[in-house]
Amino acid sequence: RAFKGVTSSTTGGNIMGVDLKGLFSIHGLFKIFELVLVVITFLLARIGYAGNPPLFGITVDETWLGQLTVGGWLIITPVIIIGIVLDEPMSWKLDSLFSIVGAFLYISSGSCAIDTHTSLDLANNPARDSGLALGSFCIITGRNIGDELLEGEIIFFSRHCDADGCCLPHDKIWQEVKVIRE
């Protein structure tokens, strides 16, 4: 007797509940790119640039914001990717919610790091370059995570619309779109 998600068949690229084809979908490729950015941002925050570890900010709140954002998404993103590989991805609504939260957290953390390293008198200090690199990568990562919202809309419309662009049932779908956009 097989367990749920475990198959004895090796056809179709699905071996024991593992579906690697999901990684090559639009969603999977976005998540892999997101993981690369998350790891780079984590390494910049932990090691720094040219051996100079940066600060997310001067206050405890800014430091906690940056560290929890970078560390949290280093856990969240691989878990989402594992769900895709196991052919059990999270719903697009929950994924969109994570994308909104992640984008705001990363952009806020990056803004704090850039503000800290441009407002202090660090003109000839190598830590300034490290902090600006960290802040820039945080904002780039947040922007990438925010782009996944666009991907969520594409998936939404592809599931509810035909090739001619007609969405059925017309009334219900367009009411949902109006609510989402308002």
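Author: Asp87 is partly exposed, with 42% relative accessible area, and this residue belongs to the loop between H2 and H3. The model is a predicted one. Although Asp87 is not a glycine, its phi is positive, at about 60°. The accessibility of Asp87 falls in the partly exposed class because 42% lies between the limits of under 20% for buried and over 50% for exposed.

The helices on either side of this loop may be taken next. Two packed helices are described by the angle between their axes and the distance between the axes. For H2 and H3, the axes come within 9 Å and cross at roughly 145°. The crossing of this pair is left-handed.

Which residues in H2 meet H3? On the H2 side they are Glu62, Leu65, Gly66, Thr69, Val70, Trp73, Ile76 and Ile80. Their partners in H3 are Asp95, Phe98, Val101, Gly102, Leu105, Tyr106, Ser108, Ser109, Cys112 and Thr116. By class, the residues of this contact divide into 10 nonpolar, 6 polar and 2 charged.

Within this contact, Gly102 deserves a separate account. Gly102 lies in helix H3 and is buried, with a relative accessible area of 0%. Leaving aside residues up to four places away in sequence, Gly102 touches Trp73 and Ile145.

On H2, Val79 may be considered in like manner. Val79 is found in helix H2 and is exposed, having a relative accessible area of 52%. From Val79 to Pro89 the C-alpha distance is 9.8 Å, and the two residues are 10 apart in sequence.

Rolling a probe the size of a water molecule over the atoms shows where empty space is left. The structure holds 1 cavity of 30 Å³ or more, and the volume of the largest cavity is about 30 Å³. Its lining consists of Lys31, Glu34, Trp73, Ile76, Ile80, Asp95, Phe98, Ser99 and Ile145. Helix H1 (26–46), helix H2 (60–85) and helix H3 (92–119) are the elements that give two or more residues to this lining. By class, the lining has 5 nonpolar, 1 polar and 3 charged residues. Several lining residues also belong to the helix contact described above: Trp73, Ile76 and Ile80 in H2, and Asp95 and Phe98 in H3.

Two further residues place this part in its surroundings. Asn144 is found in helix H4, which covers residues 126–160. Asn144 counts as buried, at 7% relative accessibility. Apart from residues up to four places away in sequence, Asn144 touches Phe30, Phe33, Glu34 and Leu37. Glu34 is also one of the residues that line the largest cavity.

Leu23 lies in the loop between strand E2 (18–19) and H1. With a relative accessible area of 15%, Leu23 is buried. Residues up to four places away in sequence being left out, Leu23 touches Gly28, Leu29, Ile32, Ile81, Ile84 and Val85. Leu23 and Ile82 are 59 residues apart in sequence, and their C-alpha atoms are 9.5 Å apart in space.

The protein chain has 5 helices and 2 strands, and from the N terminus on its elements run β-β-α-α-α-α-α. Of its 182 residues, 31% count as buried. Among contacts between residues at least 6 apart in sequence, 71% join residues at least 24 apart.

Methods. Residues numbered from 1 in each chain as written. Predicted model: local features only at pLDDT ≥ 70, side-chain atom pairs only at ≥ 80, totals over all residues. Heavy atoms only, no water. 1 Å grid on protein atoms, 1.4 Å probe; cavity = no way out; pocket = protein on both sides within 12 Å on 5 of 7 lines; lining within 4 Å. Points joined across faces, edges and corners; volume = space filled by probe spheres on them. Helix = DSSP H or I, 4+ residues; strand = E, 2+ residues; numbered from the N terminus. Nonpolar A, V, L, I, M, F, W, Y, C, P; charged D, E, K, R; others polar. Axes fitted to C-alpha atoms, helices over the stretch in contact; angles between N-to-C directions. Left-handed = near helix turned anticlockwise from the far one by under 90°. Contact = heavy atoms within 4.5 Å. Buried < 20%, exposed > 50% of the residue type's maximum accessible area, 1.4 Å probe, protein only.
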